Amino acid sequence: MTSTALHLAAMSVAVALAAPASAQAVYRCVDKEGRVLYTDTNAGNCKMIDAGNSGAISAPPASSRRPAVSMRQGGARPAASPVPSPASFPRVDGAAQRARDDDRRAILDEELRAEEKKLADLRRDAGSREDIGRAEKNVEALKREIANIR
C-alpha cells in the first residue's frame with residue numbers, strides 16, 4: 001500500500017469517526033503548495049471522495065461545518081481520559097519493566113552514538129545541508145526519546 005493510500009485510508013477512518021450520525025460529503029483538496037487536505041467543505045480545487053450515506057452531493061449547511069484540518073496541521077485532539085484496565089489484563093512486574101526500559105535505553109544510546117558520529121563525519125567532510133539537518137534532527141529525536149524513558 002502506498003503512503004498516499006495509507007494517508008487516504010487513515011483520513012477516511014478519521015472522518016468516519018468524527019462525522020455526526022447524518023453523514024456529510026468528504027472532499028480531497030489540493031492547495032497552492034500541493035498539500036492534500038481532507039474536508040467536509042468544497043473549497044475550490046476539491047474532488048468529492050465520499051458522498052456520505054445520504055448520497056447528497058451538496059455541501060453541508062454552514063452551521064454544521066467544521067474547520068478543515070489536515071494531518072500536517074496536526075489538529076487539536078481532545079485529551080484522553082484514563083480508562084482502567086480490566087482485572088484480567090496481563091500485568092508486567094516492576095523488575096521486568098525496568099529491564100525492558102534498560103534494554104530500550106541501551107539500544108537508543110547506541111543509535112544516538114552512531115547518529116552523532118554520522119553527524120560529526122558529515123560536518124567534517126562538508127556534507128550537504130540536507131544530510132546534516134536530517135542527522136541533527138535524528139540526534140534531537142533520540143535524545144528526546146531517551147529522556148522519556150522512566
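Arg-124 and Asp-121 both sit in helix α2, 3 residues apart, or about one turn of the helix. Helices here are DSSP runs of H or I with at least four residues, strands are runs of E with at least two, and both are numbered from the N terminus. The two side chains form a salt bridge, with the closest N and O atoms 3.0 Å apart. A salt bridge requires a side-chain nitrogen of Lys or Arg within 4 Å of a carboxyl oxygen of Asp or Glu. Arg-124 is exposed, at a relative accessible area of 59%. Asp-121 is partly exposed, at 22%. Buried denotes under 20% relative accessible area, exposed over 50%, and partly exposed the range in between (1.4 Å probe, protein chains only).

The model is predicted; local features need pLDDT of at least 70 and side-chain atom pairs pLDDT 80 or more, while totals for chains, interfaces and linings use all residues. Residues are numbered from 1 along each chain as its sequence is written, and side-chain values use heavy atoms, without hydrogens or water.

The protein chain contains 3 helices and 3 strands. Their order along the sequence is α-β-β-β-α-α. Of the 150 residues, 17% are buried. The chain exposes about 11,400 Å², with 55% supplied by carbon and sulfur atoms. Accessible areas were computed by the Shrake-Rupley method with a 1.4 Å probe; for residues, only the protein chains shown count as cover.

The mean pLDDT, the predictor's confidence in each residue on a scale from 0 to 100, is 74, and 64% of the residues score at least 70. A contact means heavy atoms within 4.5 Å. Residues 69–75 are also below 50, with 12 such contacts. Where pLDDT is low, the predicted coordinates should not be read in detail.

Strand β1 (residues 26–30) pairs with two strands. Pairing requires at least two DSSP bridges between the strands. With β2 (residues 36–39), β1 pairs in the antiparallel sense over 4 bridges. Val-30 has Val-36 as its bridge partner in β2. These strands form a hairpin with 5 residues between them, and Gly-34 in the turn has a positive phi of about 85°. With β3 (residues 46–50), β1 is again antiparallel over 4 bridges. Here Tyr-27 is bridged to Met-48.

The whole structure holds 9 salt bridges. One of them joins Glu-145 and Arg-104, whose closest N and O atoms are 1.9 Å apart. Glu-145 belongs to helix α3 (residues 129–148) and Arg-104 to helix α2, so this pair ties together parts 41 residues apart in sequence. Both residues are partly exposed: Glu-145 at 30% and Arg-104 at 34%. Within α3, Glu-130 and Arg-134 are 4 residues apart, about one turn of the helix. Their side chains meet in a salt bridge (2.9 Å, N to O).

Asp-101 also lies in helix α2 (residues 94–124). Asp-101 is buried yet has no salt bridge; Arg-104, the nearest side chain of opposite charge, is 5.2 Å away. For charge, Lys and Arg count as positive and Asp and Glu as negative, while His and the chain ends are not counted. Beyond neighbours within four places in sequence, Asp-101 contacts Ile-149 and Arg-150.
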